[in-house]
Amino acid sequence: MPKQTLQKWGSSTLGDAINIIDGDRGKNYPKQDEFFDSEYCLFLNTKNVPANSFSFDEKMFITQEKDSKLRKGKLTRGDFVLTTRGTVGNFAYYSDKIPFKNMRINSGMVILRLDKDGKLSRDYFRFYLDSPLFRGQIKSHSTGSAQPQLPIRDLSVFKIEFPNLITQQQISDVLSVYDDLIENNARRIQILEQTAQAVYTEWFVNFRFPGHEKVKMVNSGTNFGEIPEGWEVKMIGDVCTRIQAGGTPRRGKDEFWDNGTINWYTTGELQDNFLFGSKEKITEQSIDETSAKIFDKGTILMAIYGSPTVGRLGITIERSSCNQAALGLVEDSKKITKTYLYYVLRNLREKFNLEAVGAAQQNISKIKVSETRCLVADRDLIDQFDVIAFPIFQEIESLQRQNDVLRQTRDLLLPKLVTGEIQV
């Protein structure tokens, strides 16, 4: 379809279209000993904005007294937060659903606040922030390689195009259909995951498995204490045929990266999910000439670096690779099943994080993972669990695949809609 004429659209710089608000960087900026686990005001850092929504796995608070001394950077409902240092371009929307009434940004982010004149709708602006138009400008204006950053003066000259409010709403309605379907599938996935986890916990942690009343408890001689007769305490390495770290081909060597066809995953892509495609890909030559490794379909990848990612998992759906911050684990099918190993690792996540070492970046070694003890039930019970868990895994994979297709379709439509290339 022909591009909609620009006479029907507004074109502006971001600085003229919205308010861009920096955080307080003055003498009252909180010091390390002025943060608390629970207090008056949540003080955001970039870990709280890992993608396009908030995450509150880690929280730092400041007191009401400290909050009152800061002049800038306080959020109000309806604001957007954008990261501008380190991982540049992540954003989140401060809606009424966010449970914290008082939030401030740190020096690595800015607040994007829509003007009250109503030229831009929040839904439309959210899709703009997720569009290639915005992403491309971030890439071209970000400076610094070790610690990328985006100054406000550069952000303020970003280009934004927008139609009238009625058309903005129509565009948002079209794109929201995809988001709603993705969200519904995500809820279904969460319920399925909780179901499988609940069965694993009931059977293999609480020992209330089918027929448990007739099974004798015996002393394991380990910190597991008493366990059902016939069960064993093994090391992870004993129940896997392969535990191996990945590797990163040398950057700047075009023959290792250009036109790559092999998925190469980083720990940020491991979200307890099936892995349908990596952000970066490597070549066959890189496998032959570098530390990069190939993992077959069905390999469980586990993050071993970086809090809070240590222990997060992904399952490859095709021949793939990963960086050195992840391990590939393959179950010994004579002893356990893939689903059983997956939940064994999930159940050990807290332990892995407690044992992670390293001041600059928490990590747990391949040897430590291999030597970690786990409880292995008798094979008949593991197979009974697989009868329940394997179909759940198949359904989760199907729903995640649907979401992958929905995201791809939405991402193809999004730039065309928010630039007027196609009409609603």
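**Salt bridges and nonpolar cores, term by term**

Mentor: Counting a salt bridge as a side-chain nitrogen of Lys or Arg within 4 Å of a carboxyl oxygen of Asp or Glu, the total here is 30 salt bridges. This is a predicted model, where local features need pLDDT of at least 70, side-chain atom pairs count only at pLDDT 80 or more, and totals for chains, interfaces and linings use all residues. Residues are numbered from 1 along each chain as its sequence is written, and side-chain values use heavy atoms, with hydrogens and water left out.

Trainee: Why is the pair of aspartate 57 and arginine 312 called a salt bridge?

Mentor: The N to O distance between their side chains is 3.3 Å, and the limit is 4 Å, so the pair qualifies. Aspartate 57 sits in the loop between strand 3 (41–43) and strand 4 (61–62), and arginine 312 in the loop between strand 17 (300–303) and strand 18 (313–316), so the bridge ties together parts 255 residues apart in sequence. Helices (H or I, at least four residues) and strands (E, at least two) are DSSP runs, numbered from the N terminus.

Trainee: What makes aspartate 57 buried or exposed?

Mentor: Buried means under 20% relative accessible area, exposed over 50%, and partly exposed in between (1.4 Å probe, protein chains only). Aspartate 57 has 52%, so it is exposed. Arginine 312 has 17%, so it counts as buried.

Trainee: How do you know that aspartate 130 and arginine 410 form a salt bridge?

Mentor: Their N to O distance is 3.9 Å, which is within the 4 Å limit, so this pair counts too. Aspartate 130 lies in the loop between helix 3 (122–129) and helix 4 (132–141), while arginine 410 is in helix 12 (residues 379–418), so parts 280 residues apart in sequence are tied together. Aspartate 130, at 22%, is partly exposed, and arginine 410, at 11%, is buried.

Trainee: What makes a set of residues a nonpolar core?

Mentor: The members are buried Ala, Val, Leu, Ile, Met, Phe, Trp, Tyr and Cys residues joined through side-chain atoms within 4.5 Å. The largest one has 48 residues, and Ile236 and Leu329 touch the most other members. Helix 12 gives the largest share of this core, 8 residues.

Trainee: Which residues does isoleucine 236 touch?

Mentor: With contact meaning heavy atoms within 4.5 Å, and leaving out residues up to four places away in sequence, isoleucine 236 touches several residues, including Ile243, Leu329, Val344 and Cys374. A second, separate core of 30 residues includes Leu120, Phe127, Phe134 and Val418.
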